[in-house]
Amino acid sequence: MKSTLHTTRLTLAEPLRISRSVMDARDAVWLSVEHGGARGHGEAVASVYYGLDAGTLGRLLREAAVELGRFAEPESALEASRDGALLPHDTPPAVRAAVDSALLDLVGKRAGTPVHRLLGAQDPPAAATARTIGITSPVRAALRARCLADSGFTVIKVKGGSPDPADDLARVRAVREGAPHARLLLDPNGAWTTAEAERLLPRFAELGVEAVEQPTAPGDPEALARLARTSPLPLIADEDAVGLDDARRLAGRVHGVNVKLAKCGGPHAALRIAEALEGSGTDLMLGCLTASSLGIAPAVHLADRARWVDLDGHLLLAHDPWQGIGGTDGTVRAADRAGLGVRRAETGPESEATTTTGMPAPGIPGPSKETPHRAHVA
């Protein structure tokens, strides 16, 4: 198998502010794996929170390409990826996810089968996705909520964690007024103390918030579980639920776990978490980082497993270089085409320019420097 890499900058349509950072761009590294005339693609995005810049991702994906080259067929490589035996155990989950996704795309194309069928679902999943409104003024939040509702969005996620909690309350109230029929999620990104959470959660419940992600600082999942016991709102672990062990530890003790492929290791790792949560009383949320449609598509193929779907990372971009999962009307849809079902927006399927692994091709920029803005967990 031949592997190639391409690094690009994904620019947001407008800066996104959360409790710990502001971001206006993110670097992405695309991995393409080719065998027998077919190509599969996966994406990894840079994240300061996870300690991964574009250069590090490129180096790790080149190392992954060496491991892929040891397999005669992509199907056997995918089996090794599914079993966690393809890459070293200390490989970051974002790299594992990009490799797993690229192999699923390639194997699906070779078999003429969509990825969701490879993952056990017969029909192409479609789900209402949350759309994120960052920390902004109540006036802007209300206007944005109204526009989203008019476009078809039925789920809106509001970022919280302002220095003054009254600002969060005013923002959520404004969003509720702007989109009175929307389901509301709130995400303070761990900005509250336990005492603040105990005081604020009832007030957000009165405003009709449906659930709250990671209200308290990550690092103390036991405190989050204790808070969940008495919370008037469902609490969803995010930063405190990175992988399978975390999910098992919190199963039945929080109301939800936010699974992001970039933090758990890819579609097969996400399925293992879903299986671990089944029957525990803890529901699955599918989330994402800001990414292109290529990076979001693998999660869309799992969307039928989740109670909450927050797969809007591609919708935050000024220009999405891939297409195929929709979302502008509030619903993301897995294509019923072979593989991931996405294609380059400008050039169509299988014709995009790539760079030979580790070496920029003429006229194509090599890896760019990491964006100076701090990355976030969207």
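Mentor: Contact means that heavy atoms lie within 4.5 Å of each other. The model is predicted, so local features need pLDDT of at least 70 and side-chain atom pairs count only at pLDDT 80 or more, while totals for chains, interfaces and linings use all residues. Residues are numbered from 1 along each chain as its sequence is written, and side-chain values use heavy atoms, with hydrogens and water left out.

Trainee: Which residues does His319 touch, not counting residues up to four places away in sequence?

Mentor: His319 is placed in the loop between strand 12 (308-309) and strand 13 (322-323); helices (H or I, at least four residues) and strands (E, at least two) are DSSP runs, numbered from the N terminus. Ala13 is 306 residues from His319 in sequence, and their C-alpha atoms are 7.7 Å apart in space. With residues up to four places away left out, His319 touches Thr11 and Glu346.

Trainee: Is Cys264 buried or exposed?

Mentor: Buried means under 20% relative accessible area, exposed over 50%, and partly exposed in between, with a 1.4 Å probe and protein chains only. The relative accessibility of Cys264 is 14%, and therefore Cys264 counts as buried.

Trainee: How many disulfides does the rule count?

Mentor: A disulfide is a pair of cysteine sulfur atoms within 2.5 Å. For Cys264 the nearest cysteine sulfur, that of Cys288, is 13 Å away, and Cys264 is in no disulfide. The count of disulfides is zero.

Trainee: Where do the buried residues of helix 2 fall, seen down its axis?

Mentor: Helix 2 (residues 74-82) has as its buried residues Pro74, Ala77, Leu78, Ala80 and Ser81. Seen down the axis, these buried residues fall within an arc of 160 degrees (taken from the directions from the helix axis to the C-beta atoms), so they line one face of the helix.

Trainee: Which strand gives the most to the lining of the largest pocket?

Mentor: On a 1 Å grid over the protein atoms alone, a pocket is an open set of points with protein on both sides within 12 Å along at least five of seven lines, where a 1.4 Å probe fits, and lining residues have an atom within 4 Å of a point. About 470 Å³ of space lies in the largest pocket, a volume being the space filled by probe spheres set on the points, which are joined across faces, edges and corners. Among the elements that each supply at least two lining residues is helix 5 (138-151). The most, six residues, comes from strand 1.
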